[in-house]
2 protein chains.
Amino acid sequence: MDFDQLADCHKALGDKTRLRILALLREEDLCVGELVEILKITQPAVSQHVRKLRNARLVKERRQGQWVYYSLDGKDYPFYSSILQSLPDLSAEITRLKAEGKKGICT
Amino acid sequence: MDFDQLADCHKALGDKTRLRILALLREEDLCVGELVEILKITQPAVSQHVRKLRNARLVKERRQGQWVYYSLDGKDYPFYSSILQSLPDLSAEITRLKAEGKKGICT
DNA sequence: AAATAATATAAGCATATTCTTATTTGTTTG
DNA sequence: CAAACAAATAAGAATATGCTTATATTATTT
């Protein structure tokens, strides 16, 4: 892997919101609407962030009906798992979403 | 470590030239003039890049006479060593510098 | 097929990044 | 202390990034 590709990968990681998305996806796959709920940012903002993560091959998407689920990818990068491990725990956010009955938006 | 700090760290890693600097420092400590020689960019550009790496605590500096040597730091980051391992080998560049009699600029 | 829902894309603006040249600061040496 | 050298900082221009609102695409449902 060359310097350009590696720089692009780290560039994708160099944003607070995208790191939060990865921390959430570490817990479980989520659709865009769920990310919008948790992150409290607009839907286009979420779409743009996940697209950057996808271009860097850090996440992958799968369409399921009218929803698009995102999940961790990044098999390409030997350092990725240790980066993921370094991220703060956001499982409480997902718990909260479920408690509010909003997890399951996408079902 | 919070998301902001982690994002800043990865932002510092999100540049091709800075990754090349880290790949070089992995081989040995170098002063600014040596980095200028190898990277073929201007001296202020090198200074600005190493400052960003230093602000992110990825490198540290030590003044030695009129020269400032940079070396790897980054003890803070558990993922750092695996990132460093992923960088392409630039030892040939340092070999070339020495062959041209320019390593030892800073002595 | 029309209406609705979820997501993606486009366009425009504000801010951030990176480069360049010019200048300043710090160190050594005559 | 003055001259010379190394590195840092400043300022300005060009490009990139991230946000917002508006619109387009894709899938479902009736």
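This is a predicted model: local features need pLDDT of at least 70, side-chain atom pairs count only at pLDDT 80 or more; totals for chains, interfaces and linings use all residues.
## Annotated domain

The record from UniProt, an unreviewed entry, places the annotation "domain: HTH arsR-type" on residues 1–95 of chain A. In the model, this span is 59% helix and 15% strand.

## Helix α1 of chain A against helix α1 of chain B

Two packed helices are described by the angle between their axes and the distance between the axes. For α1(A) and α1(B), the axes come within 7 Å and cross at roughly 160°. Angles over 145 degrees count as roughly antiparallel, so α1(A) is roughly antiparallel to α1(B). The crossing of these two helices is left-handed.

On the chain A side, the contact is made by A:A7, A:H10 and A:L13. On the chain B side, B:A7, B:H10 and B:L13 take part. By class, the contact of α1(A) with α1(B) has four nonpolar residues, two polar residues and no charged ones.

## Residue A:H10

A:H10 belongs to helix α1 of chain A, which covers residues 3–13. Is A:H10 buried or exposed? Its relative accessibility is 1%, and A:H10 therefore counts as buried.

Leaving aside neighbours within four places in sequence, A:H10 is in contact with residues of chain A and of chain B. In chain A, these are A:F79 and A:I83. In chain B, they are B:H10, B:L13, B:G14, B:L19 and B:I83.

## Helix α2 of chain A against helix α1 of chain B

Helix α2 of chain A (residues 16–27) also packs with helix α1 of chain B (residues 3–13), their axes coming within 8 Å. The crossing angle is roughly 110°, which means that α2(A) is roughly perpendicular to α1(B). This crossing is right-handed.

Which residues of α2(A) meet α1(B)? They are A:K16, A:L19, A:R20 and A:A23, and their partners in α1(B) are B:F3, B:D4, B:L6, B:A7 and B:H10.

## Helices α3 and α4 of chain A

Within chain A, helix α3 (residues 32–39) packs with α4(A) at an angle of about 115°, the axes being 9 Å apart. The pair is therefore roughly perpendicular. The crossing of α3(A) and α4(A) is right-handed.

From α3(A), the residues A:V32, A:L35, A:V36 and A:L39 meet A:Q43, A:V46, A:S47 and A:V50 of α4(A). The contact of α3(A) with α4(A) has six nonpolar residues, two polar residues and no charged ones.

A:P44 lies in helix α4 of chain A, which covers residues 43–55. Its relative accessible area is 40%, so A:P44 is partly exposed. A:P44 and A:L90 are 46 residues apart in sequence, and their C-alpha atoms are 22 Å apart in space.

## Residue A:I94

A:I94 is found in helix α6 of chain A, residues 91–99. With 4% relative accessibility, A:I94 counts as buried.

How far apart are A:I94 and A:I38, and what is their separation in sequence? From C-alpha to C-alpha, A:I94 and A:I38 are 7.5 Å apart, while 56 residues separate the two in sequence. A:I38 is also one of the residues that A:I94 touches. Not counting residues up to four places away in sequence, A:I94 also touches A:L24, A:E27, A:E28 and A:L30.

Technical notes: Residues are numbered from 1 along each chain as its sequence is written. Chains are lettered from A and ligands numbered from 1 in the order in which they are written. Side-chain values use heavy atoms; hydrogens and water are left out. Helices (H or I, at least four residues) and strands (E, at least two) are DSSP runs, numbered from the N terminus. Buried means under 20% relative accessible area, exposed over 50%, partly exposed in between (1.4 Å probe, protein chains only). Contact means heavy atoms within 4.5 Å. UniProt positions are given in the numbering used here, feature names are shortened, and annotations may be inferred rather than shown by experiment. Axes are lines fitted to C-alpha atoms, for helices over the stretch in contact, and angles run from 0 to 180 degrees between N-to-C directions. Angles under 35 degrees count as roughly parallel, over 145 as roughly antiparallel, 65 to 115 as roughly perpendicular and the rest as oblique. A crossing is left-handed if the near helix is turned anticlockwise from the far one by less than a right angle, and right-handed if clockwise. Ala, Val, Leu, Ile, Met, Phe, Trp, Tyr, Cys and Pro count as nonpolar, Asp, Glu, Lys and Arg as charged, and the others, Gly among them, as polar.
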